[in-house]
Amino acid sequence: MRYYQYIQSGLKRVGVEDESGGLTDLTALDPRIGSTLDLLNVAFITNTDIDSLTRAVLSNNKSGTGKITVEELLAGAPIGKHGVTLLPPVDAPEVWAFGVTYMDSMRERQAESGSPDVYAKVYDADRPEAFFKSTFERLQPPFGEVGIRGDSDWNVPEPELVFVTHAGKIIGYTAGNDMSSRTIEGENPLYLPQAKVYDKSAALGPALVTPETVGDPQRLRVELIIVRDGKQVFVGKANTSEMKRDCSYLINWLVRHNSIPDGTAVMTGTGTIPPPEFTLAAGDVIHITIDKIGRLTNTVVVV
Ligand code: DO4
Ligand code: MG
């Protein structure tokens, strides 16, 4: 199933999409469901999964369902129609990221860097590159703003499949944008945290989608479209089947000697990077679309 978090009439809500695209407000059915993390915690305690739990909630209570469709929710959110503001689909206390998981990412880093050998070494090694990406406060929702640094001339979005964790396990997926400064990253690999972690440097959404609905996470198309002044200035595609290390390999490394809080979101690396002559500008609109998950849209601002 697909789960959305949003504010409507001043109240944070969790909505679930049904097979016909209708949205059911789970918070209206049971106010104790105030977040997707609430659902995850109850499912964990009762030894079930969130889709089974949701089916039980839905079968006990049919009222308040299907007032608007998800299509209407997403179309109305940027302009506040239906009084809706979308939120990240999980209140991720931490966001981590993996890098150089696709051959194209490795080649691009080598081209930009004065220390190209580090990227080939990490691509070939058993231990993947993992880095801390974002706190919850830096994280942007669908239709929110994403940042480019004022001290960086070369900036790109990175469209990435994201897995969401609970009790150290993958419980769902979403789309993510790992906003990056290539100027700073290319200057010195030790500057990576500054290239990756800054105000509005990450976005997640639109939905938290369970493994049951995603199917095989290593067979998903990931598309990046960048629009400037109403015209597409970049279109790129990758497929998660091109990842050198799959999601289960990545989580296995992340949780070694490292306790991650429930709801941690993990970006799995980019397979699409705009060409070297391209840099983002304020006002650009970034669309990241992943099969089975949906489209994450954000607008660029200088931070
Ligand atoms: O090594 C630098 C970061 C790589 C990255 O973010 C990616 O491959 O997606
Ligand atoms: Mg990345």
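**A ligand inside a cavity**

Ligand 1 sits in the largest cavity (more than half of its atoms lie within 2 Å of the grid points). This is a predicted model, where local features need pLDDT of at least 70, side-chain atom pairs count only at pLDDT 80 or more, and totals for chains, interfaces and linings use all residues. Side-chain values use heavy atoms, leaving out hydrogens and water.

User: How many cavities of 30 Å³ or more does a search of the whole structure find?

Analyst: Rolling a probe the size of a water molecule over the atoms shows where empty space is left. A cavity is a set of points, on a 1 Å grid over the protein atoms alone, where a 1.4 Å probe fits but cannot get out. Here the search turns up one of 30 Å³ or more, with a volume of about 90 Å³ (the space filled by probe spheres set on the points).

User: Which residues lie nearest the centre of the largest cavity?

Analyst: Lining residues have an atom within 4 Å of a point. There are 16, and Gly99, Arg109, Glu129, Glu185 and Lys196 lie nearest the centre.

User: And which residues are closest to ligand 1?

Analyst: Look for heavy atoms within 4 Å. Of the 16 residues around ligand 1, the closest are Val100, Ser105, Glu129, Lys196 and Thr270.

User: What lies 2.6 Å from an oxygen atom of ligand 1?

Analyst: An N or O atom in the side chain of Ser105. A polar side-chain atom of Lys196 is 2.7 Å from a ligand 1 oxygen, and a polar backbone atom of Thr270 is 2.9 Å from one.

How values were computed
Residues numbered from 1 in each chain as written. Chains lettered and ligands numbered in written order. 1 Å grid on protein atoms, 1.4 Å probe; cavity = no way out; pocket = protein on both sides within 12 Å on 5 of 7 lines; lining within 4 Å. Polar contact = N/O pair within 3.5 Å; in protein donor to acceptor, adjacent residues only side chain to side chain.
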